[in-house]
Amino acid sequence: MIEKKMLVGGEWKDSPQKIEVVYPYTGEVIGRVPQGTEEDVYTAIERAKEGFKELSSMTAHQRYQILMKSADLLEERAEEFAKTLVYEVGKTIKEARTEVARAIQTLIFSAEEAKRINGETFPIDAHPNGVGKVGFYVRVPVGIVSAITPFNFPLNLSMHKVAPAIACGNAVILKPSERTPLTPIMLAEVLLEAGLPPKALSVIPGYGDVGKAMTTHPDVRVVSFTGSKKVGELITRQVGIKKVVLELGSNSAIVVHKDGDLDKAVQRAVMGGYAIAGQVCISVQRVFVHEEIFDEFTKKLKDHVKTLRVGDPMDENTDVGPMITQGDVLRVKEWIDEAVEKGARLETGGVSVSEKTALFEPTVVSLVSPETKLFKEEAFAPVVIVDPYREVEEAIKMVNDSEYGLQLGVFTNDIKVAWKFIKEAEVGGVLINEGPTFRVDHQPYGGFKNSGIGREGPKFAVEDYTEIKTVIFDLT
């Protein structure tokens with residue numbers, strides 16, 4: 001049993017009310033953390049004001065050192081973090097180790113950005129009234145950042161919010177998913193050990209009341225949220241005058257043109273469709289294949305998917321672990337059944353592995369109607385649909401037939417086809433001859449439409465976590 005306390009403005013605090021952390025593979029309770037309250041949030045915000053003054057008065061080099069030392073400490077505890085990720089998320093141990101490695105890189109990139117928060121001069125005398133004046137601007141930290149993260153990448157997505165905010169000199173209040181609060185609390189342990197001013201960080205597990213208090217408080221200047229469109233919409237309606245950064249849902253697509261590398265496209269569809277049981281914002285959900293190669297692609301994909309090993313996520317040979325809850329298994333099964341009822345073909349999978357676990361067989365469904373939930377909504381499950389197209393314009397229309405627009409993968413060797421998708425696809429990222437699930441942690445990452453607002457990646461997060469202050473000198 002893993003027992004942790006929450007961090008409230010630098011103080012490790014317990015509570016009689018507990019949140020139980022359940023191992024998705026067995027349904028066993030493997031951890032407990034305190035359940036935070038609105039009062040905990042208000043306390044954290046008051047202390048964050050002091051923590052902000054201390055952190056923002058540090059030099060850029062000092063903040064750099066804190067983040068770099070945190071990266072070293074995280075690397076020392078890498079296997080402990082990885083195993084904890086398996087227990088709280090249900091991802092495989094291989095996937096968990098990858099997340100830890102990425103989180104270390106996110107820390108390092110953020111540390112480097114602490115040294116690059118630059119201003120710029122601007123020519124005031126370009127204006128007729130600017131004679132005898134010079135001007136420039138500097139970027140200054142906003143103050144307090146509220147960050148809310150989802151269950152699927154509790155360490156690295158927390159890192160994407162916390163580390164750049166610290167690099168700028170801000171205080172941070174983090175609410176992790178109530179399903180996966182353990183590694184975010186462990187992250188706080190690392191940051192404090194590395195020398196972060198204690199009052200500059202809080203990690204408060206909780207439910208909607210905690211999230212509302214964090215996002216609506218007038219002293220919070222930035223709200224950064226990763227999660228569902230439904231909650232993202234709620235946040236935008238209630239936060240008030242603040243910066244808002246949202247990374248929401250997607251049903252990302254791959255397009256395989258007739259001249260594309262078929263085997264590579266299959267491999268990327270499998271990698272992107274079934275990693276973390278399909279529970280990734282940029283999971284491959286929809287694959288559109290030129291009609292001339294549709295049957296061949298579908299057969300290759302189905303055959304590859306059938307070789308995936310489903311089971312114990314701690315087993316080094318497991319490819320696909322459980323979904324986060326049994327309820328999600330039942331939901332996706334209903335979506336598949338609806339698609340089949342409307343004419344789709346179940347190629348493989350489509351059933352629960354057992355009633356005792358949240359394991360679901362990797363699934364391929366072809367010829368799916370655009371009017372089904374499986375096509376239009378975010379499945380967040382180990383399910384990939386495959387539909388044919390004839391003309392490039394048709395494929396672009398199919399890609400854009402979504403309220404989401406995060407990333408798109410296009411497999412083609414025709415530069416004109418590639419460029420047409422780059423120009424016309426309504427997505428935040430177009431990857432040519434790569435799947436949409438590919439991401440490096442320093443890229444500008446985010447989407448169009450209901451996939452969100454703003455961009456993650458330490459350099460780009462700095463823009464959201466700082467304000468521009470203009471300075472003008474009159475030299476006459």
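In which handedness of crossing does H4 pass H5? The crossing is right-handed, meaning that the near helix is turned clockwise from the far one by less than a right angle. The model is predicted: local features need pLDDT of at least 70, side-chain atom pairs count only at pLDDT 80 or more, and totals for chains, interfaces and linings use all residues. Residues are numbered from 1 along each chain as its sequence is written, and side-chain values use heavy atoms, without hydrogens and water.

**View 1. Packing of helix H4 (residues 93-113) with helix H5 (residues 156-168).** Helices (H or I, at least four residues) and strands (E, at least two) are DSSP runs numbered from the N terminus. The axes, lines fitted to C-alpha atoms over the stretch in contact, lie 9 Å apart at an angle of about 15°. H4 and H5 are therefore roughly parallel (angle under 35 degrees). From H4, Glu99, Arg102, Ala103, Thr106, Leu107 and Ser110 are in contact (heavy atoms within 4.5 Å) with Asn156, Met159, His160, Ala163, Pro164 and Ala167 of H5.

View 2. Buried residues (under 20% relative accessible area, 1.4 Å probe, protein chains only) in H3 are Phe81, Ala82, Thr84, Leu85, Val86, Glu88 and Val89. They pack against strand S1 (2-3), strand S4 (18-22), helix H2 (60-76), H4 and helix H6 (182-193). Just after H3, Gly90 has a positive phi of about 90°.

**View 3. Thr298 in helix H10 (residues 294-305).** Thr298 has a relative accessible area of 4% and is therefore buried. Leaving aside residues up to four places away in sequence, Thr298 touches Glu347 and Val386.

Notes. Axes are lines fitted to C-alpha atoms, for helices over the stretch in contact, and angles run from 0 to 180 degrees between N-to-C directions. Angles under 35 degrees count as roughly parallel, over 145 as roughly antiparallel, 65 to 115 as roughly perpendicular and the rest as oblique. Buried means under 20% relative accessible area, exposed over 50%, partly exposed in between (1.4 Å probe, protein chains only).
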